[in-house]
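Hi everyone, thanks for coming. Please have a look at the sequence and the structure while I talk you through a few things in it.

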Amino acid sequence: MTNYFGKNNLKVIILAAGEGKRLRPLTNDRPKAMVKLFGMSLLERQINTFRECGINDIIVVTGYKDETIDSTNIKKYKNFDYASTNMVETLFCAENEMDEQTIISYGDIIFEKKVLTSLINSDEDYSVVIDKNWRKYWESRFTDPLIDAESLILDSMNNIIEIGQTTKNIDDIQGQYIGLMKFQGSGLKFLRNFYKKTKEESKKTGENPLNPNIDFKKSYMTDFIQGLINAGCKIKAISINNGWLELDNNDDYRIYNKMHEDGKLSEFIELENRN
């Protein structure tokens with residue numbers, strides 16, 4: 001099995017605590033990450049991709065219907081408060097696993113090996129995958145791509161300087177964050193300390209320093225990334241052109257299966273033949 005650039009101390013934390021309410025009834029008896037797409041659950045496909053890229057230290061943070069996640073040779077942590085929290089709190093349920101080089105992945109996405117390897121090969125302390133060809137993909141899912149897209153602005157060094165804001169200006173969207181990132185070295189230490197500092201500040205002041213419109217425990221990952229940026233961290237954008245899918249709702253499920261049947265899915269992602 002290949003270890004890219006000898007980076008065999010990599011581990012991954014998969015965030016799979018969510019209920020996936022917009023996918024019901026598919027999620028009545030399982031979390032979103034366990035929904036099958038093209039004959040395989042999202043989680044199983046992710047785990048296979050990580051292992052094919054030499055990453056075997058796999059941690060899954062569960063929550064809703066925790067008992068249905070039973071993949072072999074993984075370590076599980078549970079977010080017992082999954083119903084009232086969001087991605088940041090889910091991630092820090094596995095804080096003790098965040099050392100050396102840690103990839104973090106949303107549980108509701110799938111991606112090609114080349115997407116993952118582009119992230120693995122980054123030597124930056126903070127690396128976040130963005131899709132530069134996002135508009136073509138969004139137009140396949142939405143009548144107006146601006147309905148769901150969020151801001152993502154880069155500086156001249158390809159660092160992210162704004163992320164996750166609602167916008168109606170297409171120029172504010174230089175890519176879309178896909179829910180896949182890597183933190184390593186001093187970046188991981190800063191990230192952990194930053195989380196503790198902002199959480200404590202929230203408790204003292206009653207206001208969320210990451211997003212004043214919501215409780216700290218409901219902070220989005222993009223809120224956290226923007227907070228790191230505001231604190232002076234250089235968040236490197238790892239640019240891709242498609243090669244991934246997110247499963248957010250029943251419309252996505254229907255659209256992807258229709259594309260698969262019509263042989264058009266390869267416009268956005270090349271699936272490994274694992275069935």
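Predicted model: local features only at pLDDT ≥ 70, side-chain atom pairs only at ≥ 80, totals over all residues.

Helices (H or I, at least four residues) and strands (E, at least two) are DSSP runs, numbered from the N terminus.

Residues are numbered from 1 along each chain as its sequence is written, and side-chain values use heavy atoms, with hydrogens and water left out.

Back to the helix. Which residues of helix 7 are buried? They are D252, I255, Y256 and M259. Buried means under 20% relative accessible area, exposed means over 50%, and partly exposed is in between (1.4 Å probe, protein chains only). Those four cover an arc of only 95° around the axis, so they sit on the same side of helix 7. The arc is taken from the directions from the helix axis to the C-beta atoms. On the other side of helix 7, you'll find R254 and E261 exposed.

Next up, salt bridges. Side chains of opposite charge can pair when their charged atoms come close. We call it a salt bridge when a side-chain nitrogen of Lys or Arg is within 4 Å of a carboxyl oxygen of Asp or Glu. How many salt bridges does the structure hold? There are 20.

Take K11 with D57: their side chains meet in a salt bridge at 4.0 Å, N to O. That pair links distant parts of the chain, with D57 in strand 4 (residues 57-62) and K11 in strand 1 (residues 10-16), 46 residues apart. K11 also meets E97 in a salt bridge, at 3.1 Å from N to O. Here the partners are 86 residues apart, E97 being in the loop between helix 2 (87-91) and strand 6 (101-106). K11 counts as buried because its relative accessibility is 6%, and E97 is buried at 6% too. D57 is partly exposed, at 33%.

Finally, pockets. A pocket is an open set of points on a 1 Å grid over the protein atoms alone, where a 1.4 Å probe fits, with protein on both sides within 12 Å along at least five of seven lines; lining residues have an atom within 4 Å of a point. Points are joined across faces, edges and corners, and the volume is the space filled by probe spheres set on them.

The largest pocket has a volume of about 1,300 Å³. It has 44 lining residues, and R22, N86, M87, Y220 and D248 are the closest to its centre. Strand 11 gives the most to that lining, with 4 residues.

The second largest pocket holds about 210 Å³ of space. It is lined by 14 residues, with G164, Q165, L210, N211 and D223 nearest its centre. Helix 6 gives the most to this lining, with 5 residues.
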